[in-house]
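Trainee: Could you walk me through this structure with a few questions and answers?
Mentor: Gladly, let's look at it together.

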Amino acid sequence: MPSAFSAAESLEDRQASFVVLGGGAALVAALAGGGWVALHYQLDSAEIAAGQTVYSAHCASCHGAKLEGQLDWQTRLPNGRMPAPPHDASGHTWHHSDDQLFTIVKKGVSAVVPDYESDMPGFVGVLTDDEVRAALEYIKSTWPEGERKVQARRSGTN
Ligand code: HEC
C-alpha cells in the first residue's frame with residue numbers, strides 16, 4: 001500500500017498529466033466563464049476574516065478547527081480513501097496553485113483528477129466563488145512567508 005505522501009504526490013502527478021492532456025485548458029476556460037479572477041498574493045484582512053467564518057462553518061469539521069487535519073491523515077482509510085489533510089504549512093495545500101485549489105474546493109477533487117475517489121465534497125450551490133476564495137485566503141494567511149511565496153509563484157500571482 002503506498003504511503004499517503006506518495007498518494008499526495010501521485011495526485012499531483014495525475015493533475016500534471018491532466019493538464020498535459022489538455023483538460024486544464026478547458027477547466028481554465030470554464031472557470032473564466034464562471035467569473036474566475038486570479039487570487040492575489042497580497043492578503044486582504046476583511047477577506048481573511050470572512051474566510052475564517054466560511055472555514056469554521058464548512059471546512060473545520062473535517063480539516064480541523066486549527067487546520068490540523070484528521071488524525072493519521074497520511075494513512076489511507078479502510079475504504080481506500082484519504083483522510084482530510086491539514087491546511088497549515090505541515091500539509092500539502094500550499095503545493096497547489098490558486099486555480100487548482102479553487103477548483104478542488106468548488107467542484108471536489110475529481111474535477112481536477114478525473115475518477116479519483118475522495119471524501120472531499122464540492123461546494124457548488126453551497127458556497128459562492130467569493131466565499132471559496134475567502135476560505136482559501138484565510139488558509140493562506142496561516143502559512144509562513146516561505147510557503148506563501150512558493151505557492152504564489154506556482155500560481156503566477158507574484
Ligand atoms: C466531509 C469532509 C470534508 C469537508 C467538509 C471539507 N473537506 Fe477538504 N478534503 C477532505 C478530504 C478527505 C480531502 C483529501 C482528498 C483526497 O486526497 O482524497 C480533502 C482535500 C482538500 C484539499 C486538497 C488538499 C491537498 O493537499 O491536496 C483542499 C484544498 C480542501 N480539501 C479544502 C477544503 C475547504 C476549503 C473546505 C471548506 C470549504 C473543505 N475542504 C471541506 C474532506 C473534507
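Mentor: Helix H4 (60-63) and helix H5 (98-107) each give at least two residues to the shell around the ligand; helices (H or I, at least four residues) and strands (E, at least two) are DSSP runs numbered from the N terminus. This is a predicted model, in which local features need pLDDT of at least 70, side-chain atom pairs count only at pLDDT 80 or more, and totals for chains, interfaces and linings use all residues. Residues are numbered from 1 along each chain as its sequence is written.

Trainee: Which residues come nearest to the ligand?
Mentor: A residue is near a molecule or strand if its C-beta atom, placed from the backbone, lies within 6 Å of it. There are 25 residues around the ligand, and those that come nearest are Cys 59, Cys 62, His 92, Ser 118 and Met 120.

Trainee: How many residues of that shell around the ligand are charged?
Mentor: Ala, Val, Leu, Ile, Met, Phe, Trp, Tyr, Cys and Pro count as nonpolar, Asp, Glu, Lys and Arg as charged, and the others, Gly among them, as polar. The shell has 15 nonpolar and eight polar residues, and the number of charged residues is two.

Trainee: How many residues of H5 are buried?
Mentor: A residue is buried if 20 or more other C-beta atoms lie within 10 Å of its own, exposed if 12 or fewer, and partly exposed in between, with C-beta atoms placed from the backbone. Among the buried residues of H5 are Asp 98, Phe 102 and Val 105. H5 is mostly covered, and of its ten residues the buried ones number nine.

Trainee: Which helices do the buried residues of H6 pack against?
Mentor: Ten of the 13 residues of H6 are buried, so this helix is largely enclosed by the rest of the structure. Contact here is between C-beta atoms, placed from the backbone, within 7 Å. The buried residues of H6 pack against helix H3 (45-58), H5 and helix H7 (145-155).

Trainee: Which element gives the most to the largest nonpolar core?
Mentor: A nonpolar core is a set of buried Ala, Val, Leu, Ile, Met, Phe, Trp, Tyr and Cys residues joined through C-beta atoms within 7 Å. The largest one has 18 residues, and Val 105, Val 132, Ala 135 and Leu 136 have the most contacts inside it. H3, H5 and H6 are the elements that give two or more residues to this core. With six residues, the element that gives the most is H6.

Trainee: Is Leu 67 buried or exposed?
Mentor: Leu 67 sits in the loop between H4 and H5, and has a positive phi of about 60° although it is not a glycine. With 21 other C-beta atoms within 10 Å, Leu 67 is buried.

Trainee: And is Asp 72 buried or exposed?
Mentor: Asp 72 is also found in the loop between H4 and H5, with a positive phi of about 50° although it is not a glycine. Because Asp 72 has 10 other C-beta atoms within 10 Å, the answer is exposed.

Key: Contact = placed C-beta atoms within 7 Å.
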